[in-house]
Each structure stands twice: as C-alpha cells, then as structure tokens.
Amino acid sequence: MSESLPAPAEVDAEIRQLQLAASASELHGGLCGWLAGGGADRADWLAPVLADATLPAPVSGGALDRLRLASAAQLEDRSFGFTLLLPGSEASLAARSEALFEWCRGFLGGFGLAAGAPRLSAEGDEALADLARLAAAQADADSEGDEGEEDALTEIEEFVRVAVLLLHGDAALATRHRNRLN
C-alpha cells in the first residue's frame, strides 16, 4: 500500500512558514510533475521544482518532506495507489475545482522543468494536452455543487490521476528503462 500524503493543512502551514507563493495543491502538482517528468527524487526538491535556487530543503520529517516521500512512493507503486493532494469534501465544489486546476498548473510547470520535451506516446501527448486545458480552466464560483457536478469533478480527478501515471510511465519509467538497456 502506498504511503499517505500529509494533510493539506500541514502542507499549507509549511508553505506559509517558507513564504512560498503556491497552494498545497499547486505545490503537490509541481512536485508530481517534476517526478513524473523524470526529475530526481531528492530531499532539496523545492529549489528545482519551483525554479528558485535560494529555497531551502524542506525540514527532514516535516510535511513537505513527507509530501515528497509519499508522492515518489505512490508514483512508483505498481498497484496505482497515486492520489492528488486536494481539499476534502467539506470544501465547496468551487474550492475543490479550483484546487484541481491549480494542481494541474503546478504539474505542467514541474513536468516541463524536469522533462523538457520528452518523447511521449500518442496517449501521453493527448493526456498532456488535456492537463493543459484543465490548467487553463477556472472554477465557477457560483456553482452550488449538485450531484452531477460532484460526479463530474470526481471523474476529472480520476482522469488526472490516470494521466499523471501515464505520463510518469512515458517520461520517467521509459527513460530509466532505456538507460538500463544501453
């Protein structure tokens, strides 16, 4: 079973302490994009993921360190236990939707920094384009969150989760496999 992600509130607290300009969801998306794009799983991940060499390494055992460890383990988990760090069902539909779009924006940034222009499968190219469309979306603040909208958000979250695993396979795992063969 995959390691569990720290609670969004724990991640938000460390983000505030470090005065980072990102939400917990966006930062997790950036980290996952970095790892899925083949970026190194390293303790000082904040600097390369946020493209700011002045950022310190997260405190060992802190929420951001646990976020990295759990995310890396989940991406490598063969039982597909990967999860997104998003607000829980107690948050409004608009807040959860916006967090998902922020997650996608973070993912694209981290993936681009790590992978550059990777060779992707046709499905990977399509998944990346779909994530870019989601990253450009904005939540409807007036949405009441009826059952159909809740179901749609759940389906989009599942799509994002599967797309990330596909891109991780195309960019990170395929590169490692090619390197082992050479």
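Both F107 and F111 are buried. The two residues lie in helix α5, four positions apart, or about one turn of the helix. These assignments come from a predicted model.

The protein chain contains seven helices and zero strands. Read along the sequence, the pattern is α-α-α-α-α-α-α. For 182 residues, a compact globule would have a radius of gyration near 16 Å. The protein chain has 16 Å, so the value agrees with that of a compact globule. Along its principal axes, the C-alpha trace spans about 55 × 40 × 30 Å.

Of the 182 residues in the protein chain, 43% count as buried. The accessible surface comes to about 9,400 Å². Carbon and sulfur atoms account for 53% of that surface. Contacts between residues at least 6 apart in sequence were also sorted by separation. Of these, 73% join residues at least 24 apart.

The largest nonpolar core has 47 residues. Within this core, W103, F107 and V160 touch the most other members. Several helices contribute: α1 (8–18), α2 (24–36), α3 (46–49), α4 (63–76), α5 (93–115), α6 (122–135) and α7 (147–181) each supply at least two residues. Helix α5 gives the most, with nine residues.

W103 was followed in detail. The residue is buried, with a relative accessible area of 0%. That value lies under the 20% limit, which is why W103 is classed as buried. Neighbours within four places in sequence were left aside in listing its contacts. One set comprises S25, E26, H28, G29 and C32. Another comprises F82, L84, L85 and L86. V160 and V164 complete the list.

The aromatic side chains were then paired. The structure holds three aromatic pairs. W103 and F107 form one that is stacked, with 5.6 Å centre to centre and 10° between the planes. Being four residues apart in helix α5, W103 and F107 are separated by about one helical turn. F107, like W103, is buried, and its relative accessible area is 0%. F107 also pairs with F111: the ring centres are 5.6 Å apart and the planes lie at 20°, so this pair is stacked as well. Ring pairs link F82, W103, F107 and F111 into a cluster.

The structure holds eight salt bridges. One of them joins R66 and E10, with 2.5 Å from N to O. This pair links distant parts of the chain: R66 is in helix α4, E10 is in helix α1, and 56 residues separate them. R66 counts as partly exposed, at 30% relative accessibility. E10 is partly exposed too, with a relative accessible area of 35%.

Other salt bridges lie within single helices. D130 forms a salt bridge with R133, and the closest N and O atoms are 2.2 Å apart. Both residues lie in helix α6, three residues apart, about one turn of the helix. R133 has a relative accessible area of 54%, which is over the 50% limit, so R133 is classed as exposed.

In helix α7, R161 and E158 are three residues apart, or about one helical turn. Their side chains form a salt bridge, the closest N and O atoms being 3.0 Å apart. E158 is partly exposed, with a relative accessible area of 38%. R161, at 17% relative accessibility, counts as buried. The value for R161 is under 20%, and the residue therefore falls in the buried class despite its salt bridge. Salt bridges that share partners also join D41, D65 and R68 into one network.

Conventions:
Residues are numbered from 1 along each chain as its sequence is written. This is a predicted model: local features need pLDDT of at least 70, side-chain atom pairs count only at pLDDT 80 or more; totals for chains, interfaces and linings use all residues. Side-chain values use heavy atoms; hydrogens and water are left out. A nonpolar core is a set of buried Ala, Val, Leu, Ile, Met, Phe, Trp, Tyr and Cys residues joined through side-chain atoms within 4.5 Å. Buried means under 20% relative accessible area, exposed over 50%, partly exposed in between (1.4 Å probe, protein chains only). Contact means heavy atoms within 4.5 Å. A salt bridge is a side-chain nitrogen of Lys or Arg within 4 Å of a carboxyl oxygen of Asp or Glu. The radius of gyration is taken over C-alpha atoms; the globule rule is 2.2 Å times the number of residues to the power 0.38. Accessible areas come from the Shrake-Rupley method with a 1.4 Å probe; for residues, only the protein chains shown count as cover. Rings of Phe, Tyr and Trp (its six-membered ring) pair if their centres lie within 6.5 Å; planes under 30 degrees apart count as stacked, over 60 as edge-to-face and the rest as tilted.
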